[in-house]
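Look at the fold below and pick out its parts one at a time.

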Amino acid sequence: MKILAINGSYRGEKGQTNAFLELLLSGAREEGAECEIVALAKHKIHHCLSCDTCHTPNHYLKCVYSEKDDAASIFDKIATADLLVYATPVYVFGISSLLKTFIERFYSTCDVNQFRVTKSGLFFHHIDEKVCSKDFVSLICCDNLDKEMPINTRDYFRIYSRFMDAKHVGELIRNGGRLFQRGQDQKEENRFPAIAEVYAAYKQAGRELVIDGHIHARTQKRANQEIIPVSFFGQLKKLKPFKKVMVQRAKELFSGN
Ligand SMILES: Cc1cc2nc3c(=O)[nH]c(=O)nc-3n(C[C@H](O)[C@H](O)[C@H](O)COP(=O)(O)O)c2cc1C
């Protein structure tokens with residue numbers, strides 16, 4: 001099995017998103033998968049100009065940048081992969097501009113003048129299934145601990161799945177990114193035992209992708225678990241005296257005191 005991960009973090013290999021990708025893929029490799037991470041930050045990806053040249057007869061389904069940047073060669077990698085992982089940090093409540101820029105280039109592979117109905121009954125246009133309809137896992141990283149923070153990003157991939165007829169075989173959402181210290185600092189792991197459980201769940205998720213083609217609900221729940229029970233505190237913070245204490249406590253947590 002060939003797994004291709006597309007990392008949309010500008011920090012590329014040095015970032016938190018990459019650290020989680022590596023964990024996931026280490027599990028997949030243990031089960032014999034061939035895995036590759038494409039760090040978009042290392043590539044030249046022009047943004048779509050919406051010039052629509054790709055929808056004219058002389059340049060049909062070919063972007064004006066197709067020979068000038070790396071998007072087309074990454075599309076070729078996607079076409080030969082069995083499974084994709086779309087990985088992104090949350091940037092201002094949504095997917096990163098880098099990943100969005102890349103996905104917008106899919107436009108040049110689709111004939112938007114040709115109508116189709118998706119498997120889930122949505123009206124859409126023609127798509128290149130080799131590029132757009134691959135089974136995929138979404139992997140999202142953010143720092144904030146509130147459950148609301150990654151919702152836009154989570155929903156982006158859910159909607160992508162339905163319009164693109166791409167099976168969404170796993171949804172990894174890791175908040176509290178700073179607590180993980182990119183796997184380098186044992187201190188946080190000692191303070192929050194759930195961190196070790198999350199790491200183990202990511203590896204297990206990778207194994208399951210190879211064995212069963214999807215991440216089991218139980219593993220996903222462990223990978224996405226709260227490190228600090230913010231939902232519970234969320235109720236408490238409605239009471240004024242608690243709010244003050246909690247803001248102070250949060251400051252201490254993040255400054256490591
Ligand atoms: C421009 C920018 C915007 C960000 N916006 C958010 C945000 O809205 N919510 C959040 O929780 N974290 C936000 N972050 C933090 C990143 O999502 C977080 O640090 C993530 O783990 C970074 O992953 P990386 O190291 O792979 O880039 C933002 C970071 C940057 C650079």
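Start with Leu139. Leaving aside residues up to four places away in sequence, Leu139 touches Thr17, Phe20, Leu21, Leu24, Val85, Ala87 and Leu172. Two residues are in contact here if their C-beta atoms, placed from the backbone, lie within 7 Å. The model is predicted: local features need pLDDT of at least 70, side-chain atom pairs count only at pLDDT 80 or more, and totals for chains, interfaces and linings use all residues. Residues are numbered from 1 along each chain as its sequence is written.

The largest nonpolar core has 56 residues, and Ile3, Ala5, Ile6, Leu24, Val85 and Leu139 have the most contacts inside it. Such a core is a set of buried Ala, Val, Leu, Ile, Met, Phe, Trp, Tyr and Cys residues joined through C-beta atoms within 7 Å. A residue is buried if 20 or more other C-beta atoms lie within 10 Å of its own, exposed if 12 or fewer, and partly exposed in between, with C-beta atoms placed from the backbone.

Which helix gives this core its largest share? Helix 1 (residues 16-30) does, with seven residues. Helices (H or I, at least four residues) and strands (E, at least two) are DSSP runs, numbered from the N terminus. Helix 1 is largely enclosed by the rest of the structure, because 11 of its 15 residues are buried. Among them are Phe20, Leu21 and Leu24. After helix 1 comes Gly32, with a positive phi near 95°.

Now for the loops. Most residues other than glycine have a negative phi. Asp52 is not a glycine, yet its phi is positive, about 65°. Asp52 is found in the loop between strand 2 (34-39) and helix 2 (71-80). Asp52 is exposed, with 12 other C-beta atoms within 10 Å. Asp165 has a positive phi too, about 55°. Its loop runs between helix 5 (151-164) and strand 7 (168-174). Asp165 is partly exposed, with 16 other C-beta atoms within 10 Å.

Finally, step back. The domain assignment, which is automatic or from a database, gives domain 1 (2-226) and domain 2 (229-257). Their C-alpha centres lie 32 Å apart.
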